[in-house]
Structures are given as C-alpha cells and as structure tokens.
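Me: Please examine the side-chain contacts of the following structure with me.

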Amino acid sequence: DKHNDTKKKKKNSSCQQMMRLEMAWELRQNQQDCNVEEIETCGDFCVDCVGVGVVDCRFCHGQGKLLHHLPTTKMYGSPSQNCPVCNLGKEVCKTCRGSGRVADWTSYSTTN
C-alpha cells in the first residue's frame, strides 16, 4: 500500500507541475497581447460582477443587515444588525478578485 501511495503522490505532483508549466506558457504567450497601461487589452469584463469588482453579499443578499428568525418563522432580534461578512451589502468578486476583468487565458474568460 505504501508503494501505491507513493505512485499516487508522484502522479499528482507531475500533474500539478504540468498544469503550472501550461499556465506559465499561456501567460508568456498572452503577455504580448496585454498592455497593463491599457487594461482593456488584458481580458474581458467579469461575467459575475459585470466589470464592477463587487457582488451582492451571499449572506445578507446585498442588504448589509442580517435578520434573525426563530424556527416558527417569526422575526426575532434587531433587523439593524450589520452583516459581519460584507461591506454595506457588497463583497469583492471572487471570480476577478475585485479587478472587474478576467484574463483571456483563464478558464473564467467568456472568449475561451
């Protein structure tokens, strides 16, 4: 069993290494197309945040406040409790990490 575990680790390691090499190759290939001074040359608008860089909070649904509910569905507690996760109902977009854009070579790009 130790022999099989060692083989699996080597296989996983070589797959990860191959993925890193492919990503580095794609980065180098796309560097010619991307001019950071002209951000529009570096990819498309993020489809999740539509280029804004923030999305509605997944916990308070963009309200910025959390409501407490009892199992009987009667409201309980103060509706003015601020959401501890977001900033006024908005979170940084996880897809573009707040940049509003997604590079063409990523799996998140709409042109791939």
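Me: Is Asp56 buried, partly exposed or exposed?
Reply: The model is predicted, so local features need pLDDT of at least 70 and side-chain atom pairs count only at pLDDT 80 or more, while totals for chains, interfaces and linings use all residues. Residues are numbered from 1 along each chain as its sequence is written, and side-chain values use heavy atoms, leaving out hydrogens and water. Buried means under 20% relative accessible area, exposed over 50%, and partly exposed in between (1.4 Å probe, protein chains only). Asp56 has 46% relative accessibility and therefore counts as partly exposed.

Me: Which residue meets Asp56 in a salt bridge?
Reply: A salt bridge is a side-chain nitrogen of Lys or Arg within 4 Å of a carboxyl oxygen of Asp or Glu. The N to O distance to Asp56 is 2.5 Å, and the partner is Lys90.

Me: How many residues apart in sequence are the parts that Lys90 and Asp56 tie together?
Reply: Strands (E, at least two residues) are DSSP runs, numbered from the N terminus. Lys90 lies in strand β5 (residues 90–92) and Asp56 in strand β2 (residues 54–56), so the separation is 34 residues.

Me: Is Glu91, which meets Arg58 in a salt bridge, buried or exposed?
Reply: The side chains of Arg58 and Glu91 meet at 3.1 Å, N to O. Arg58, at 48% relative accessibility, is partly exposed. Glu91 has 10% relative accessibility and so counts as buried.

Me: How many disulfides does a search of the whole structure find?
Reply: A disulfide is a pair of cysteine sulfur atoms within 2.5 Å. The search of the whole structure returns 0.

Technical notes. Helix = DSSP H or I, 4+ residues; strand = E, 2+ residues; numbered from the N terminus.
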